[in-house]
There are 2 protein chains.
Amino acid sequence: MSTAFSRPEVETLVRQVTLEYLARTRTKIAPALTVHSSARHMHLSREDLEALFGPGHELTADRPLFQEGNFAARETVTLVGPRSRLISNLRVLGPLRSKSQVELAYTDAISLGLDIPIRLSGDIAGTPGAFIMGPRGMIELKEGVIRAAIHVHMNPAEAAHFGVKQGDLMKLRVGGDAGVTFNRVHVRIDERSRLNVHMDTDEANACGLHLAKEIELTK
Amino acid sequence: MSTAFSRPEVETLVRQVTLEYLARTRTKIAPALTVHSSARHMHLSREDLEALFGPGHELTADRPLFQEGNFAARETVTLVGPRSRLISNLRVLGPLRSKSQVELAYTDAISLGLDIPIRLSGDIAGTPGAFIMGPRGMIELKEGVIRAAIHVHMNPAEAAHFGVKQGDLMKLRVGGDAGVTFNRVHVRIDERSRLNVHMDTDEANACGLHLAKEIELTK
């Protein structure tokens, strides 16, 4: 299946399967819920950015993401897994972080031969590593390859609306021909966030997100 | 990601992510539940088999499947999608059927550019087609490319145990770090069946089936 993943990169990065939904609620707030599917991608530290792209290099924003300040960069890298299999054109997301991190779906990880855990972004202690190649160099990530746990970003007002606090788990029911409920949607609250569920491509494809007829986020 | 799907074919065909589970029940029956993840594959009619592999060709069983009489054949084909992308080494499952049918995960279908519906096996009227290449010829399937709906095979005694009938929908809860409930598991009852849930690779990867800590099938 040599060309299977060569769909246009923008499409590969974050499939624009977006659903607007007014939360059913007895209050008048009714925040609009958007669900995005994130394709595999990577975050870079300053040090790793320079090792891969050269001293003084800065990420070039290609496209803003839904959460303010985040963007898909023009930069891509190649990940080399333990069975000498690789993922090319792995998109870098900005801004830079304190630690580099790779987020893969299990479909990706299994094909690479990487046994990765489900973690919240940033929680990478003890996770597998990989070799990353850029145009100006290669690095060995000692750890940081994860499957990102499904999560929902929201601001404090939205959290109050749902009656949830940081770290709580919510349920996301996606209705349609597939009909899947995600029972462990991690709540991530930040003042600058906009209500938005992030799932990976396996989850989006399992629930047929692009065909979903209704979506319900509940405590 | 050119080599991503070249994992050993047997592995590609049906990942042996199998979980034995004793259904929690107040009766003494407690049938053992096995959940299998089916990778993309194809079923062939006699006519299409001969067009692809030559007159008089018979499928060669490579490996028996869990449901008695079904097997993974040695034969594979190449599927060519509408954007001239292809899936090579698409495994043929036996025995032959009255109509040919291709079962893909959405991860496969989206990469091919095929907009396929979720259907029960055999219900292919009005679904997309594809070109199929074999060693002795090529055919145009006019229809028959589907994503198979998640389903559970069982015999009448097992159906009685669960209190379900043909065509009912059940729920399958897969617990673990992912935590996913499949709300529309179609019941397929046959005298020769063994209790067994079939999901596709997207579903298995979404729920982290290979890491699942508990599985529960309920009405």
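The following legends describe close-up views of a predicted model.

**Figure 1. Overall make-up of chain A.** The secondary structure of chain A consists of 5 helices and 16 strands. Of its 219 residues, 56% are buried. Among the contacts in chain A that link residues at least 6 apart in sequence, 63% connect residues at least 24 apart.

Figure 2. A:Glu158 belongs to helix α4 of chain A, which covers residues 156–162. The residue is buried but forms no salt bridge. Apart from neighbours within four places in sequence, A:Glu158 contacts A:Pro31, A:Ser193, A:Arg194 and A:Leu195.

Figure 3. In chain A, A:Arg194 is placed over the face of A:Phe66, at 3.9 Å from the ring centre. In chain B, B:Arg194 lies over the face of B:Phe66, also at 3.9 Å from the ring centre.

**Figure 4. A:Phe182 in the largest nonpolar core.** This core contains 106 residues, of which A:Leu172, A:Phe182, B:Leu172 and B:Phe182 touch the most other members. Not counting residues up to four places away in sequence, A:Phe182 touches several residues of chain A, including A:Ile150, A:Met170, A:Leu172, A:Val174 and A:Met199. From chain B, A:Phe182 touches B:Gly179 and B:Val180.

**Figure 5. B:Gly208 in the loop between α5 and β16.** B:Gly208 is located in the chain B loop that joins α5 (201–206) to β16 (214–218). With a relative accessible area of 2%, B:Gly208 is buried. Leaving aside neighbours within four places in sequence, its contacts are A:Tyr106 and A:Arg147 from chain A, and B:Ala178 from chain B.

Figure 6. Most peptide bonds are trans. The bond from A:Gly94 to A:Pro95, however, is cis, with omega near 5 degrees, and A:Pro95 is part of strand β6 (residues 86–97) of chain A. In chain B, the bond from B:Gly94 to B:Pro95 is likewise cis, with omega near 5 degrees, and B:Pro95 is found in strand β6 (residues 86–97).

Figure 7. Most residues other than glycine have a negative phi. Phi of A:Ser84 is positive, near 60 degrees, and the residue lies in the loop between β5 (71–80) and β6 of chain A. A:Ser84 is exposed, at 63% relative accessibility. B:Ser84 also has a positive phi near 60 degrees and is exposed, with a relative accessible area of 61%.

Technical notes: Residues are numbered from 1 along each chain as its sequence is written. Chains are lettered from A and ligands numbered from 1 in the order in which they are written. This is a predicted model: local features need pLDDT of at least 70, side-chain atom pairs count only at pLDDT 80 or more; totals for chains, interfaces and linings use all residues. Side-chain values use heavy atoms; hydrogens and water are left out. Helices (H or I, at least four residues) and strands (E, at least two) are DSSP runs, numbered from the N terminus. Buried means under 20% relative accessible area, exposed over 50%, partly exposed in between (1.4 Å probe, protein chains only). Lys and Arg count as positive and Asp and Glu as negative; His and the chain ends are not counted. A salt bridge is a side-chain nitrogen of Lys or Arg within 4 Å of a carboxyl oxygen of Asp or Glu. Contact means heavy atoms within 4.5 Å. A nonpolar core is a set of buried Ala, Val, Leu, Ile, Met, Phe, Trp, Tyr and Cys residues joined through side-chain atoms within 4.5 Å. A charge sits over a ring if NZ of Lys or CZ of Arg is within 6 Å of the ring centre and within 35 degrees of the ring normal.
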